[in-house]
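The sequence and the structure come first, followed by the account.

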Amino acid sequence: MSSLDLFHPAVARWFVDRFTAPTAPQEAGWREIAAGHHTLIAAPTGSGKTLAAFLWSLKQLLERHLNGGLPDQTLVVYISPLKALSNDIERNLREPLKGIAEQAVAAGFTPPDIRVAVRTGDTPATDRARMLRQPPHILITTPESLFILLTAEGSRRFLAGAETVIVDEIHAVAGDKRGAHLALSLERLADLTQRPLQRIGLSATQKPIEEVGRLLVGNDRDCSIVDIGHQRQMDLSIMVPDIELGPIATHEVWAATFDHIVEQVQAHRATLVFVSTRRQAERVAHQIGERIGHDKVAAHHGSLSKEMRFTAERRLKAGDLPVIVATASLELGIDIGYVDLVCHCGAPRALASFLQKVGRSGHWLGA
């Protein structure tokens, strides 16, 4: 039996029309999630992990709608370590929601009105107030914003109905204080909810994966681990300017480095250049712009306004921008379209984050 047989026909038909067949993490993940287990899915980037987590929740929301209606409470909480990834998920949820609604109409019943909202530090005050009046059924947030929501009486009321929490890119917080802080918030959310809270985690590059599972569910609960592995075919090179190096990079070394990056940018369709700091992002973007035109390069980091970051992401995805220079703000699985080259300027701080950045190139199944 295919795992798609577990879904409502409207959901299964949309998926088959869109993707034909499930990927390995979806096939195995849906069986564990459908059984009600806390589940951690570890698989390569571009293998459909996020949809593996979300589609079962959409199926449950559809069935709640058909069996009496959706309550004015949040039923699914999605947590992302990045604000940019949160907004990206909200945009990408529109396609399955629209497709499932169309399948519902074709089958002769009223489609559900599933509300989705993003709550991060970028969320305007008007949208925050709207959530209190009309809570979203799917809430997309960050660890820090979830902590704030769990302290306010109004948001605690609509979070009390949560049935599922999805933690995306959990490996990104597994090794620091954000992970400990998130673990505390997950326990507070579980204590608040009116029914058992199912936890679903998504991870790409982390070992030992069992430790990440314990971070997700705690020490006193079982976690089903779906480990598809993280090996991908890679084409990696280390490139050094043809100038004698000393303890400090000279202007000549940097100029040669920027020239070489520009050569690579011009030989590819879409490039991400990663740097370690926001100051470096602005400097490198300026130097590349001096060589290819400032309208063909953009910086992307957390100090920029939401509008500037969205514009850069949208232009790259549309093919109108050949290169973005970014900090970790674009490290995770944000849908920025076709990227065929990643450059990392300088040494990465950690191997896991480096592999995550490399994964932005060829970010689709089999690439």
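## Terms and basis

Two strands pair if DSSP finds at least two bridges between them. Helices (H or I, at least four residues) and strands (E, at least two) are DSSP runs, numbered from the N terminus. The model is predicted: local features need pLDDT of at least 70, side-chain atom pairs count only at pLDDT 80 or more, and totals for chains, interfaces and linings use all residues. Residues are numbered from 1 along each chain as its sequence is written, and side-chain values use heavy atoms, with hydrogens and water left out.

## The seven-stranded sheet

Seven strands make an open sheet with parallel pairing, in the order β3-β4-β2-β5-β6-β1-β7.

Strand β5 is joined to β2 by four bridges and to β6 by four bridges, and β5 and β6 run parallel. Val 167 of β5 is the bridge partner of Ile 79, and the bridge partner of Val 167 in β6 is Gly 201.

## Strand β5 and Ile 166

In a regular strand the side chains alternate between the two faces of the sheet. In β5 (residues 164–167) both faces are covered: Thr 164 and Ile 166 lie on one side, Val 165 and Val 167 on the other, and all are buried. Buried means under 20% relative accessible area, exposed over 50%, and partly exposed in between (1.4 Å probe, protein chains only).

Leaving aside residues up to four places away in sequence, Ile 166 touches Ala 53, Phe 54, Ser 57, Val 76, Val 77, Tyr 78, Ile 79, Ile 200 and Leu 202. Contact here means heavy atoms within 4.5 Å.

## Helix α3 and its packing

Helix α3 (residues 49–66) has 18 residues and spans 27 Å from its first C-alpha to its last, close to the 26 Å expected; the expected span is 1.5 Å times one less than the number of residues. Its buried residues include Ala 53, Phe 54, Ser 57 and Leu 58. Just after α3, Gly 68 has a positive phi of about 135°.

Helix α1 (residues 9–19) packs against α3 at an angle of about 145°, the axes being 10 Å apart. From α1, Ala 10, Val 11, Trp 14, Phe 15 and Phe 19 meet Leu 51, Leu 55, Lys 59 and Leu 62 of α3. By class, this contact has eight nonpolar, no polar and one charged residues. Ala, Val, Leu, Ile, Met, Phe, Trp, Tyr, Cys and Pro count as nonpolar, Asp, Glu, Lys and Arg as charged, and the others, Gly among them, as polar.

## Nonpolar cores

A nonpolar core is a set of buried Ala, Val, Leu, Ile, Met, Phe, Trp, Tyr and Cys residues joined through side-chain atoms within 4.5 Å. The largest has 35 residues, and Phe 54, Leu 55, Leu 58 and Ile 166 are among those with the most contacts inside it. Helix α3 gives the most to this core, with nine residues. A second, separate core of 27 residues includes Leu 146, Ala 162, Ile 209 and Leu 216.

Methods: Axes are lines fitted to C-alpha atoms, for helices over the stretch in contact, and angles run from 0 to 180 degrees between N-to-C directions.
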